[in-house]
Amino acid sequence: MSSRTDTAAAIPVLDLGPAFAGIPGALEETAAKLRHINETVGFLYIANHGVPADLIEATFAQTARFHAQPLERKLALKVDANMQGYLPMRGSTTRSSTIAQGNKPNENEAFFVKRETPGAETSPNRWPEDLPEFRATALAYFGALEALAKRMLPIYARALDLPADYFDALCNQPFSSLRLTHYPSASYSANEYGIAPHTDSSFITLLAQNKVPGLQIRTQEGEWIDAPVIEDTFVVNTGDVLHRWTNGRFLSTAHRAFNTTPTPRYAIPYFFHPNPDTLIKALPTCVDANNPPRFPEQTVAEYMAWFRGQNYDHLRKAQPPAAAE
Ligand SMILES: O=C(O)CCC(=O)C(=O)O
Ligand SMILES: [Fe+2]
């Protein structure tokens, strides 16, 4: 896989500490930087995010613990129509992306956790009965990442010249999910990846730093570059929902991952979405007479049904009308 490695500066680091501490002027300053990054790169690192390092460490360890189980134990929790549970190795093929066609199934297995909303009619997550620590850790991590994403919403709102609380009520029951992925060490044939080139469907994705490298992003010039490990940061990227909501102004940048190292690689991306019934209609500050809406209006739930139907083999039959992208 061709790539450049001297690319640390290509993906900027944004320090959230001052804005989170409420230092006067910091919200506006951070929002201006975030706007520029999202209009030019679509990927960044965040520092001083406030998520405890030992919780991140424990989530990686429990992910390894889950995947170390015998296959039949994992298959007993096979992923369902709500995308909760275990997705077997090569159980997904990236088809939603217009970037790379003809992909082979992805060389990874994953466990998906959805938000457990008290009182809501969501189906429960599927947990291995004999791994209570796995469940407790995954839920604690899910909660911490949801809190982090919600703390970041005012920065995104101000980056888009909207009132600081603009997104809060639209994202207070987020349709989010946590993916606990295992990429075994592999050598890949043509069109084969740990996860093929794609953009995420999310509002934003928060990806904890990985000790084992393997993530690459595609620059606006079309070059694949490594996303180097920067300790104590998260990688954050804009997903398709925010791209559409901003009428294309915030970039949803393509990326891919693989594991050509001798050790197993785990990734624990948290995909933050607005509420399922939030309508994704171009934001008022992202349209004008010369820049009309580019995407069809859809709720988050409608968009996600399409996205999942494209990519996950067990959901391929039920497909609502495709979005025009
Ligand atoms: O494995 C990684 O570093 C990134 C994974 C990813 O892009 C995804 O799961 O959407
Ligand atoms: Fe991704």
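In this predicted model, helix α2 packs against helix α5. Helix α2 covers residues 26–40, and helix α5 covers residues 132–159. Angles of 65 to 115 degrees count as roughly perpendicular, so α2 and α5 are roughly perpendicular to each other. The crossing of these two helices is right-handed. On the α2 side, the contact is made by L27, E28, T30, A31, L34, R35 and N38. On the α5 side, P154, I155, Y156, R158 and A159 take part. By class, this contact of α2 with α5 has seven nonpolar, two polar and three charged residues.

Helix α5 also meets helix α3, which spans residues 53–67. The axes of α3 and α5 come within 9 Å. They cross at roughly 135°. This angle falls in neither the roughly perpendicular range, 65 to 115 degrees, nor the roughly antiparallel one, over 145; α3 and α5 are therefore oblique to each other. The crossing of α3 and α5 is left-handed, whereas that of α2 and α5 is right-handed. Helix α3 contributes L55, A58, T59, Q62, R65 and F66 to the contact. Facing them in α5 are E133, F134, T137, A138, A140, Y141 and A144. The contact of α3 with α5 divides into eight nonpolar, three polar and two charged residues.

The model also holds an open sheet of four strands. The order is β6-β11-β8-β9, and the pairing is antiparallel. Strands β6 (195–198) and β9 stand at the edges. Each has a single partner strand, so one side of each is left without a neighbour in the sheet. On average, neighbouring strands are turned by 20° against each other, direction ignored.

The pairings can be followed across the sheet. Two bridges join β6 to β11 in the antiparallel sense. Here I195 has A257 of β11 as its bridge partner. Strand β8, residues 215–218, pairs with β11 over three bridges, again antiparallel. Strand β8 is also joined by three bridges to β9, residues 224–226, and these two strands run antiparallel. Residue I217 takes part on both sides. Its bridge partner in β11 is H255, and in β9 I217 stands opposite I225. Strands β8 and β9 form a hairpin with five residues between them. In the turn, G222 has a positive phi of about 90°.

Ligand 1 is surrounded by residues that include several from these pairings. Among them are I195 and H255, and A257 also belongs to the shell. Residue I195 pairs with A257, while H255 pairs with I217. By class, the shell around ligand 1 has six nonpolar, three polar and two charged residues.

Terms used. Residues are numbered from 1 along each chain as its sequence is written. Chains are lettered from A and ligands numbered from 1 in the order in which they are written. This is a predicted model: local features need pLDDT of at least 70, side-chain atom pairs count only at pLDDT 80 or more; totals for chains, interfaces and linings use all residues. Axes are lines fitted to C-alpha atoms, for helices over the stretch in contact, and angles run from 0 to 180 degrees between N-to-C directions. Angles under 35 degrees count as roughly parallel, over 145 as roughly antiparallel, 65 to 115 as roughly perpendicular and the rest as oblique. A crossing is left-handed if the near helix is turned anticlockwise from the far one by less than a right angle, and right-handed if clockwise. Two residues are in contact if their C-beta atoms, placed from the backbone, lie within 7 Å. Ala, Val, Leu, Ile, Met, Phe, Trp, Tyr, Cys and Pro count as nonpolar, Asp, Glu, Lys and Arg as charged, and the others, Gly among them, as polar. A residue is near a molecule or strand if its C-beta atom, placed from the backbone, lies within 6 Å of it. Two strands pair if DSSP finds at least two bridges between them.
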